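This report walks through one protein chain, from a single residue out to the whole fold. Keep the sequence and the structure in view while reading.

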Amino acid sequence: ALDCAGAAGSVFSAERPVQEFLKPSVSPLVQQAAIRLLLQAGAEAGITDVLKQLRSLAPTAQAELLDGLLQREDGIELLLSALEAGTAAAADLDAARRDRLMHHRNSKLATRARELLQQVGVSSREAVVTEYREKLEGTTGDPQAGRLVFEKRCSSCHRLQDIGRDLGADLAALRDRSSSALLTAILDPNRAVEAKFVSYTVVTKDGLQFTGMLRAETGANLTLAGTDGREQTVPRSDVDELLSSGRSLMPEGL
């Protein structure tokens with residue numbers, strides 16, 4: 001990674017701007033190194049330009065950029081400005097990063113962040129969640145009926161008790177969640193989606209499109225997993241665009 005950083009730093013120029021090192025065909029290590037150098041240089045214009053293409057960055061590069069910006073107040077200023085301008089979206093920040101912004105020790109930044117982010121998670125699904133929560137009150141579960149629903153609707157992405165595929169969240173680890181919390185997670189999956197479960201679209205140089213969760217990324221390949229559990233590996237050299245939807249792979253209205 002240090003070698004990549006040195007190589008990238010020696011060739012940044014007007015002819016080869018940082019964006020050249022952030023294309024999806026470029027190794028994640030090089031992308032991370034390029035962003036690290038950009039942040040170290042404090043190049044405001046360059047950072048603003050990169051924020052405009054946030055959703056086309058690989059997850060590791062996104063994390064490098066966002067976490068680097070969150071470490072400094074001037075970086076947070078740039079991030080908040082991008083959110084205000086609409087070049088970055090609140091949905092691009094996971095719950096942990098939103099919380100860091102809204103509870104920053106700088107009260108002015110925290111207030112500004114809350115104004116931008118406090119409505120995140122409130123969607124058209126809220127009415128549906130409320131309706132079903134009322135129906136849920138006072139009822140008890142039927143494991144046998146639940147098993148049939150799970151096999152039909154959930155097992156393509158989730159695995160529990162030797163049923164289904166191990167693609168989505170580990171349901172066995174959610175035993176301490178309340179029925180109300182699980183209801184919200186099922187009916188409104190985009191309210192607090194974890195970064196690793198976000199849906200991506202890969203567009204190849206031949207114009208083919210593949211959509212799914214980014215299951216793995218190496219210097220040579222990107223591997224997507226769809227809602228049917230099937231994996232598609234695309235060579236980085238064939239990738240023209242990589243776009244994050246900012247939304248969960250689990251669809252609303254399931």
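## One residue and its contacts

Leaving aside neighbours within four places in sequence, which residues is L57 in contact with? In this predicted model, the contacts of L57 are L22, I35, V50, Q62, L65, Y200 and L242.

L57 also belongs to the largest nonpolar core, which has 33 residues. Along with L65, L79, L101 and L117, L57 touches the most other members of that core.

At least two residues come from each of α2 (28–41), α3 (44–52), α4 (59–70), α5 (73–85), α6 (95–102) and α7 (107–117). The biggest contribution is that of α5, with six residues.

There is also a second, separate core, made of 17 residues. Among them are C157, V193, L222 and L249.

## Helix α4

An α-helix has 3.6 residues a turn, so residues three or four places apart point the same way.

S56 is found in the loop between α3 and α4. Is S56 buried or exposed? Its relative accessible area is 19%, and the cut-off for buried is under 20%, so S56 counts as buried.

Not counting residues up to four places away in sequence, S56 touches L242 and L243. A polar atom of the S56 side chain also lies 2.7 Å from the backbone oxygen of Q53. The C-alpha atom of S56 is separated by 36 Å from that of Y132, and these two residues are 76 residues apart along the chain.

## A charge over a ring

At Y132, the ring has the charged end of K135 sitting over it, 5.1 Å from the ring centre. As for pairs of aromatic rings, the count comes to zero.

## The whole chain

The chain has 254 residues, of which 38% count as buried. Its secondary structure comes to ten helices and seven strands. The C-alpha trace spans about 65 × 45 × 30 Å along its principal axes.

What share of the contacts with a separation of 6 or more comes from residues 24 or more positions apart? Such residues account for 58% of those contacts in the chain.

Key:
Residues are numbered from 1 along each chain as its sequence is written. This is a predicted model: local features need pLDDT of at least 70, side-chain atom pairs count only at pLDDT 80 or more; totals for chains, interfaces and linings use all residues. Side-chain values use heavy atoms; hydrogens and water are left out. A nonpolar core is a set of buried Ala, Val, Leu, Ile, Met, Phe, Trp, Tyr and Cys residues joined through side-chain atoms within 4.5 Å. Buried means under 20% relative accessible area, exposed over 50%, partly exposed in between (1.4 Å probe, protein chains only). Helices (H or I, at least four residues) and strands (E, at least two) are DSSP runs, numbered from the N terminus. Contact means heavy atoms within 4.5 Å. A polar contact is a pair of N or O atoms within 3.5 Å; within protein, one must be able to donate a hydrogen and the other to accept it, and residues adjacent in sequence count only if both atoms are side-chain atoms. Rings of Phe, Tyr and Trp (its six-membered ring) pair if their centres lie within 6.5 Å; planes under 30 degrees apart count as stacked, over 60 as edge-to-face and the rest as tilted. A charge sits over a ring if NZ of Lys or CZ of Arg is within 6 Å of the ring centre and within 35 degrees of the ring normal.
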